[in-house]
Number of protein chains: 2
Amino acid sequence: MPNPSAAMLVIGDEILSGRTRDSNMHFLAGELTKHGIDLKEARMVSDDKVAIIAAVQELAEGYDHLFTSGGIGPTHDDITADCIAEAFGAAIDVREDARQILQAHYAQSGQELNAARLRMARIPDGAILIDNPVSSAPGFTLQNCHVMAGVPLVFQAMVAGLLPELSGGEPLLSQSLRVLRGEGDIAAFLSDLAARYEDLSIGCYPFQQNGAYGANIVVRGAEGSRVDAAMRELAKEMGL
Amino acid sequence: MPNPSAAMLVIGDEILSGRTRDSNMHFLAGELTKHGIDLKEARMVSDDKVAIIAAVQELAEGYDHLFTSGGIGPTHDDITADCIAEAFGAAIDVREDARQILQAHYAQSGQELNAARLRMARIPDGAILIDNPVSSAPGFTLQNCHVMAGVPLVFQAMVAGLLPELSGGEPLLSQSLRVLRGEGDIAAFLSDLAARYEDLSIGCYPFQQNGAYGANIVVRGAEGSRVDAAMRELAKEMGL
């Protein structure tokens with residue numbers, strides 16, 4: 001049985017303007033690979049209602065899971081929760097369970113649960129809350145869509161709580177070999193190897209270092225003995 | 001007149017597996033912002049023909065420009081050029097101008113221009129070459145789609161050569177203020193400010209540092225006097 005598939009949607013103007021370098025997609029990619037869920041696509045859109053809803057609908061329809069980050073804070077540009085509700089045709093309002101979490105948090109820190117902060121308790125009907133051990137305001141899962149915060153520390157904590165709840169498949173095994181040869185010298189052999197090991201993914205990632213050409217060759221697959229066999233052939237061809 | 005719009009497509013298994021953290025999208029985002037081209041969307045897909053072609057068609061249709069990175073090397077997993085040709089219905093083969101560039105490069109470095117390397121001279125009919133001052137193998141522009149290498153040094157060099165050829169708009173100006181207050185405390189003011197300055201984009205990006213809550217407030221717009229006016233109101237509200 002193939003592994004579950006997933007997509008990620010990163011929401012926020014700050015990524016697309018180049019102001020902030022996204023780290024959530026890279027973090028999630030690594031965690032999903034370990035968990036046996038195949039991340040097939042990632043998208044980044046700005047804080048634009050039409051763009052968010054269109055992407056959510058397309059990605060939730062196309063993959064087993066959709067993970068989003070960003071846009072669930074208290075300010076006017078935080079429109080993700082409302083967009084998700086609209087994308088799935090769900091009603092949304094301040095929900096009592098989420099309100100209580102926020103109330104307890106702000107009571108403890110001596111801050112006011114004002115109207116802006118209360119927006120973070122807006123949760124679509126039918127959604128399950130995702131715990132936020134860092135700053136309390138919860139994420140949520142609606143159908144196959146997991147909605148999480150953009151702040152990396154919070155995002156990572158939410159993913160850590162969420163992933164054990166999701167069925168994974170075979171974690172993808174990978175081995176790599178770093179060679180100081182130009183890609184063009186090894187391409188014919190790799191092409192032949194890939195054709196003979198169709199169950200594996202064989203990638204070649206070139207680099208230049210101090211003027212020398214090299215490449216990292218990465219062999220990925222679910223079955224360890226097959227990865228080993230391909231790596232042995234590769235090492236032999238490289239004269240190792 | 002609004003600025004030209006753009007999308008980026010990052011192609012490659014290594015990004016989605018979490019093995020490599022993409023840097024090309026972040027670099028391009030910053031360069032486009034300076035050049036007055038608005039990056040509206042970014043996507044990352046794996047080395048999968050169907051996924052690449054679908055994304056190229058959708059993004060080239062939806063935006064003024066599409067920039068791609070990755071998948072134009074000599075190995076079997078480098079399928080971008082052929083996918084672009086198919087997406088636009090163009091014929092593709094080894095092109096003489098590209099072949100001559102590679103031949104000169106490999107003659108100089110004493111390497112063989114073998115069949116694998118010759119694949120890098122496969123250029124769709126009607127495309128204009130993009131210069132690669134780092135490792136010679138060219139990128140290309142086909143219609144509104146700019147196809148570049150995935151290796152960051154090469155990608156950056158190609159962007160540097162390409163951007164001056166493209167008409168830009170007003171570079172987006174931005175100013176930011178870092179405040180040590182919770183987002184929820186300033187959200188109501190920011191919402192009102194955003195409503196009164198509809199021509200500006202006002203973003204609020206929270207952080208936590210040593211247990212304290214803070215936020216970077218970023219005001220962006222094409223007109224300097226408007227950005228200044230909003231920033232003055234903001235500074236006054238924050239007691240500065």
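What rotation, and what shift along its axis, superposes chain B on chain A? A rotation of 180° with 0.0 Å of shift does it, at an RMSD of 0.0 Å (least squares on the C-alpha atoms of residues with pLDDT of at least 70 in both copies). The two copies are thus related as by a two-fold rotation axis.

This is a predicted model, in which local features need pLDDT of at least 70, side-chain atom pairs count only at pLDDT 80 or more, and totals for chains, interfaces and linings use all residues. Residues are numbered from 1 along each chain as its sequence is written, and chains are lettered from A and ligands numbered from 1 in the order in which they are written.

**Where the chains meet**
- In chain B, 50 residues are in contact with 50 residues of chain A (C-beta atoms, placed from the backbone, within 7 Å).
- Elements giving two or more residues to this side of chain B include helix H2 (24-35), helix H8 (183-196) and strand S10 (201-209) (DSSP runs: helices are H or I, at least four residues; strands are E, at least two; numbered from the N terminus).
- The copies meet through the same surface, because 100% of the interface residues of chain B are also interface residues in chain A.

**Around the axis and across the chains**
- B:Arg43 comes closest to the rotation axis of the residues of chain B, with its C-alpha at 2.1 Å.
- Strand S2 (residues 38-45) of chain A pairs with S2(B) in the antiparallel sense over five bridges (pairing takes at least two DSSP bridges).
- A:Val45 has B:Glu41 as its bridge partner in S2(B).

**A sheet in chain A**
- Three strands form an open sheet in the order S9-S11-S10, with antiparallel pairing.
- Its edge strands are S9 (173-179) and S10 (201-209), each pairing on one side only.

Technical notes. Two residues are in contact if their C-beta atoms, placed from the backbone, lie within 7 Å.
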